[in-house]
Amino acid sequence: MASSDALGRLLAVADKTSGRDNLCRLLQYASKFLSWALERRTSGLELAAKLKQLETSISTARKLFRLGKSADHIRGALQTLHLTDVVLRVLITLNKLNRALYLMLDNLLWAAKMNLVKLDVERWTTWAMKFWLLAIVLGLTRDLYELYVMTKTVQRTTALSGEQPSLHTAAIEALCRNPSLALDLVKNAADVFIPSAKLELLHVSGGVVGIMGVVSSLASLISIWNDRWKLKYS
């Protein structure tokens, strides 16, 4: 019974565009990490080259999954304009607008690769990475703000029973109570490495970028697998 339920959930994930995209993303960054690791071994150079080619092919294919997805983020930005918390309203709306801009440029870059349009690929790739990085930083700031609010709530609630937990203890309890926030925090913290490395703001190896991509992809898949783990408006 449990195995059939798990299979049903897996099929549901694969049935969603975001699920297929993240499954491919997981394979893409796993290939990146493995090719980086194999390049350090003389006997693994041939396989490393094949994995690099696989990574590039998946990256191009994934752009098809994202065609038109910018419209979803614009629609999402309009929905978050009604949020009563001003901080969340600003952070989430700007996050979605920057993701929409990133995806618009991503679509243009795909069209350029298909020779449908002519543009300066290097220049617009840099701009796309900037919009993506800003979106991630806004998402990470939103996570930290919500964690701060929830931590203070835990401290106030616990104080009523005569205890006074430290900020660290209260923060851990807040994350345990809100697994969707903890997962989103992990995802954004891992994601920030990818565009930062592309923009040369962080000087890390391809192996680090690959591992961070795997971590963020797994986090995204978990949130698709179970809605309980998906942070609202993320």
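Reply: The discussion below takes up helix faces, nonpolar cores, aromatic pairs and cysteines in turn. Please keep in mind that this is a predicted model.

Me: Let us begin with a helix. Which residues of helix H7 are buried?

Reply: The general idea comes first. An α-helix has 3.6 residues a turn, so residues three or four places apart point the same way. In this structure, helix H7 covers residues 167–177, and its buried residues are Ala170, Ala171 and Ala174. Viewed down the axis of H7, the buried residues fall within an arc of 100°, so they line one face of the helix.

Me: Which residues on the other side of H7 are exposed?

Reply: His168 and Cys176 are exposed there. As for the buried residues of H7, what covers them includes helix H6, residues 121–159.

Me: How should I read a nonpolar core, and how many residues does the largest one have?

Reply: A nonpolar core is a set of buried residues of the nonpolar kinds, joined through side-chain atoms within 4.5 Å. The largest one here has 15 residues, and Tyr29, Tyr102, Ala128, Trp132, Ile194 and Val209 have the most contacts inside it. Two or more residues of this core come from each of helix H5 (86–113), H6, helix H9 (193–198) and helix H10 (206–225). H6 gives the largest share, 5 residues.

Me: What is tyrosine 29 in contact with, leaving aside its neighbours within four places in sequence?

Reply: Tyrosine 29 is in contact with Trp132, Ile194, Val209, Gly210, Gly213, Val214 and Ser217.

Me: Now to the aromatic rings. How many aromatic pairs are there, and why is the pair of tyrosine 102 and tryptophan 132 called stacked?

Reply: The count comes to 3 aromatic pairs. To classify a pair, one considers the angle between the ring planes: under 30 degrees counts as stacked, over 60 as edge-to-face, and the rest as tilted. The rings of tyrosine 102 and tryptophan 132 have centres 5.3 Å apart and planes at 15°, so this pair is stacked. The pair links distant parts of the chain, with tyrosine 102 in helix H5 and tryptophan 132 in helix H6, 30 residues apart. Tyrosine 102 is buried, at 10% relative accessibility, and tryptophan 132 is also buried, at 9%.

Me: Is the pair of tryptophan 127 and phenylalanine 131 stacked or tilted?

Reply: Their ring centres are 6.0 Å apart and their planes at 35°, so the pair is tilted. These two residues are 4 residues apart in helix H6, and are therefore separated by about one helical turn. Tryptophan 127 is partly exposed at 37% relative accessibility, and phenylalanine 131 is partly exposed at 21%.

Me: What does arginine 62 touch?

Reply: Not counting residues up to four places away in sequence, arginine 62 touches Asp21, Cys24, Arg25 and Gln28. Arginine 62 lies in helix H3, residues 45–65. A residue under 20% relative accessible area counts as buried, and arginine 62, at 8%, is therefore buried.

Terms used. Residues numbered from 1 in each chain as written. Predicted model: local features only at pLDDT ≥ 70, side-chain atom pairs only at ≥ 80, totals over all residues. Heavy atoms only, no water. Buried < 20%, exposed > 50% of the residue type's maximum accessible area, 1.4 Å probe, protein only. Arc of directions from axis to C-beta. Contact = heavy atoms within 4.5 Å. Phe/Tyr/Trp six-rings, centres within 6.5 Å; stacked < 30°, edge-to-face > 60°.
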